[in-house]
Amino acid sequence: MLEQMGAAAKAASYKLALLSSREKNRVLEKIAEYLEAQSHEILLANEQDLLEARRNGLSEAMLDRLALNPARLKSIADDVRQVCSLADPVGQVIDGGLLDSGLRIERRRVPLGVIGVIYEARPNVTVDVASLCLKTGNAAILRGGKETWRTNAATVKVIQQALEECGLPAGAVQAIESPDRALVNEMLRMDKYIDMLIPRGGAGLHKLCREQSTIPVITGGIGVCHIVVDETAEIEPALKIIVNAKTQRPSTCNTVETLLVHQAIADRFLPALSQQMAQSGVTLHADTHALTQLKDGPAKVEEVKAEQYDDEFLSLDLNVKVVADLDDAIAHIRAHGTQHSDAILTRTLSNANRFVNEVDSSAVYVNASTRFTDGGQFGLGAEVAVSTQKLHARGPMGLEALTTYKWVGFGDDTIRA
């Protein structure tokens with residue numbers, strides 16, 4: 001089965017690579033139109049997935065990731081339309097010039113070919129990946145989690161209808177619907193057909209892909225994100241940012257998981273934090289120093305376990321640790337962070353500059369919520385993933401991250417001396 005899918009995707013990628021921006025946008029507009037016109041079928045499939053997921057005891061965080069409703073589906077369709085408005089990177093000349101030999105060279109952006117994506121309970125990823133791949137002339141093979149197979153199948157059916165109506169092969173976007181995990185291992189070795197693999201899931205999936213894949217892998221999406229509150233931070237605006245970073249949508253990878261509070265401000269800041277977290281329904285996991293300031297406050301608090309500093313809670317839980325200084329905070333982030341998104345709340349330019357220069361994450365923020373690490377928020381349109389590694393792509397992966405380049409040389413009967 002996968003051999004046939006791979007061959008179909010590779011054949012489709014050759015056709016997609018030749019499309020003009022206008023032709024690609026026409027397909028995307030049709031997909032957005034069909035997602036709304038056939039929303040009933042997609043939402044019905046999603047309800048069935050949710051019902052089974054609840055029976056299987058899926059966590060609230062995962063259920064939130066899985067759930068679709070009319071508003072979310074409309075937002076997904078609007079994201080596709082947003083991709084239409086983005087500049088097409090394919091064909092862009094990055095650089096070049098005339099050489100002494102008389103050869104004129106260009107470095108030109110081209111599609112990668114076939115993108116494979118393995119992901120869990122996030123049906124929006126199906127459309128995000130498909131739209132970005134199509135805009136950049138790439139085919140896609142998608143393997144969603146077993147929790148979302150009905151939703152993914154219904155969504156891909158709509159996408160394939162739009163493709164065929166525009167005269168393009170359905171093989172341009174395909175989904176592996178079977179929940180058989182053996183197919184994942186088989187997919188990891190499809191280097192004959194798949195040019196880049198992106199896992200979007202937990203640490204176990206990333207480890208499996210890094211160790212077993214014969215295809216280049218882009219890893220990311222695991223977010224143990226931190227916010228540092230330094231000694232000059234203003235309490236009220238700091239609390240506003242922390243509430244947003246923790247509660248705006250707790251199940252996302254750019255949600256803050258650990259708060260690092262400078263000891264000089266702890267006795268004033270932590271009681272105010274307890275008041276605010278109680279109102280927001282957040283449970284605090286505090287180190288010994290922070291616990292003394294929080295235990296008499298209204299927020300639910302318990303002593304933090306060492307392993308929780310490495311946890312991606314994806315829920316209304318927040319670690320709180322008191323640090324001696326900025327060096328201590330940066331050392332903690334280096335030890336426990338996942339190089340995703342980290343922020344400092346400060347009124348000191350020198351501390352802001354140190355944080356930006358010394359914290360090696362794909363996105364760092366000064367006096368802002370970590371929730372902005374997102375393709376749409378960065379102006380990239382929908383994203384295919386958030387890369388936390390350093391080669392090829394880093395941070396939210398938009399259109400350019402789905403291209404490579406080729407060197408093109410133009411001569412006038414030119415030969416090498």
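Tutor: A disulfide is a pair of cysteine sulfur atoms within 2.5 Å. This is a predicted model, where local features need pLDDT of at least 70 and side-chain atom pairs count only at pLDDT 80 or more, while totals for chains, interfaces and linings use all residues. Residues are numbered from 1 along each chain as its sequence is written, and side-chain values use heavy atoms, leaving out hydrogens and water.

The whole structure holds zero disulfides. Take C133: its closest cysteine sulfur is in C84, 15 Å away, too far for a bond. C225 has its closest cysteine sulfur in C253, at 7.0 Å, also too far for a bond. C133 is buried, at 0% relative accessibility. C225 is buried too, at 0%. Buried means under 20% relative accessible area; exposed means over 50%; partly exposed lies in between (1.4 Å probe, protein chains only).

Now the helix, α13, which spans residues 326-336. Helices (H or I, at least four residues) and strands (E, at least two) are DSSP runs, numbered from the N terminus. In α13, L326, A329, I330, H332 and I333 are buried. They sit on the same side of α13, because they cover an arc of only 155° around the axis. That arc is taken from the directions from the helix axis to the C-beta atoms. R334 and A335 are exposed, on the face turned away from the buried side.

What covers the buried residues? The cover includes strands β7 (225-229), β8 (256-262), β11 (317-323) and β12 (341-345), plus helix α14 (349-358). Contact here means heavy atoms within 4.5 Å.

Last, the N-terminal end: D325 caps α13, with a side-chain oxygen 3.2 Å from the backbone nitrogen of D327.

Conventions:
A polar contact is a pair of N or O atoms within 3.5 Å; within protein, one must be able to donate a hydrogen and the other to accept it, and residues adjacent in sequence count only if both atoms are side-chain atoms.
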